[in-house]
Amino acid sequence: MIDLHMHTTYSDGTDSVEKILMNANKLDLELISITDHNSCEAYKEMEKMKVNELFKGNIIVGCEFTTKFDNRIIEILGYGFNYNKIQNYLDNYYTSEFLENNVCPL
């Protein structure tokens with residue numbers, strides 16, 4: 001089984017990155033992706049962890065991006081990118097004004 005849409009406490013999830021990894025392992029998931037809203041901080045945290053001791057499966061980098069299409073705010077799941085580059089973009093362009101007032105930077 002796989003789960004490609006998970007959220008941690010870096011967005012609106014209730015579990016830490018460590019807890020997500022342990023739970024995914026207990027469920028024998030083969031493939032996961034943490035897709036926090038407008039954040040790749042979970043992946044930066046995993047750099048400091050012994051991930052393979054917590055989760056035996058594979059992980060695809062992901063994020064749920066808020067953007068605008070046809071004058072409507074939408075969310076898009078993205079996968080398989082350089083999370084450091086994307087987090088840098090998010091830090092520079094996804095401001096608190098955008099996140100609180102849905103003023104899209106794109």
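**Figure 1. The residue that follows helix α1.** Helix α1 is followed by D28, which has a positive phi near 55°. Helices here are DSSP runs of H or I with at least four residues, strands are DSSP runs of E with at least two, and both are numbered from the N terminus. The model is predicted, so local features need pLDDT of at least 70 and side-chain atom pairs count only at pLDDT 80 or more, whereas totals for chains, interfaces and linings use all residues. Residues are numbered from 1 along each chain as its sequence is written, and side-chain values use heavy atoms, with hydrogens and water left out.

**Figure 2. The buried face of helix α1.** Helix α1 spans residues 17–26, and its buried residues are V17, I20, L21 and A24. Buried denotes a relative accessible area under 20%, exposed over 50%, and partly exposed the range in between, for a 1.4 Å probe and protein chains only. Viewed down the axis of α1, these buried residues fall within an arc of 95°, so they line one face of the helix; the arc is taken over the directions from the helix axis to the C-beta atoms. The packing partners of this buried set are β1 (2–6), β2 (31–34), α2 (41–46), α3 (51–54) and β3 (58–59). Contact requires heavy atoms within 4.5 Å.

**Figure 3. L21 and M46 in the largest nonpolar core.** The largest nonpolar core comprises 23 residues, of which L21 and M46 touch the most other members. Such a core is a set of buried Ala, Val, Leu, Ile, Met, Phe, Trp, Tyr and Cys residues joined through side-chain atoms within 4.5 Å. Two or more residues are given to this core by each of α1, β2, α2, α3, β4 (62–69) and α4 (83–93). The largest share, 4 residues, comes from α1. With neighbours within four places in sequence left aside, L21 contacts I32, M46, M49, V51, L54, F55 and I59.

**Figure 4. The cysteines C40 and C63.** The sulfur of C40 has its closest cysteine sulfur in C63, at 4.3 Å, which is too far for a bond. The structure holds 0 disulfides, a disulfide being a pair of cysteine sulfur atoms within 2.5 Å. C40 counts as buried because its relative accessibility is 0%. C63 is likewise buried, with a relative accessible area of 0%.

**Figure 5. Aromatic pairs.** Across the whole structure, 3 aromatic pairs are found. The ring centres of F65 and F81 lie 5.8 Å apart and the planes meet at 55°, so this pair is tilted. F65 belongs to strand β4 and F81 to the loop between β5 (72–79) and α4, so that the pair links distant parts of the chain, 16 residues apart. F65 is buried at a relative accessible area of 17%, and F81 counts as buried at 19%. In the pair formed by Y89 and Y93, the ring centres are 4.8 Å apart and the planes are at 35°, so this pair is also tilted. Y89 and Y93 are 4 residues apart in helix α4 and therefore separated by about one helical turn. Y89 is partly exposed at 28% relative accessibility, and Y93 is partly exposed at 47%. Rings of Phe, Tyr and Trp (its six-membered ring) pair if their centres lie within 6.5 Å; planes under 30 degrees apart count as stacked, over 60 as edge-to-face and the rest as tilted.

**Figure 6. T9 and S39 in their loops.** T9 lies in the loop between β1 and α1, and S39 lies in the loop between β2 and α2. Residues up to four places away in sequence not being counted, T9 touches T14, D15 and S16. S39 counts as buried at 8% relative accessibility, and its side chain reaches the backbone nitrogen of E41 at 3.2 Å. A polar contact is a pair of N or O atoms within 3.5 Å; within protein, one must be able to donate a hydrogen and the other to accept it, and residues adjacent in sequence count only if both atoms are side-chain atoms. Under the exclusion of residues up to four places away, S39 touches Y10, C63, Q87 and L90.

**Figure 7. The start and buried face of helix α4.** At the start of α4, a side-chain oxygen of N82 comes to within 2.9 Å of the backbone nitrogen of N84. The buried residues of this helix are Y83, Q87 and L90. Seen down the axis of α4, they fall within an arc of 60°, so they line one face of the helix. The cover over these buried residues includes α2 and β4.
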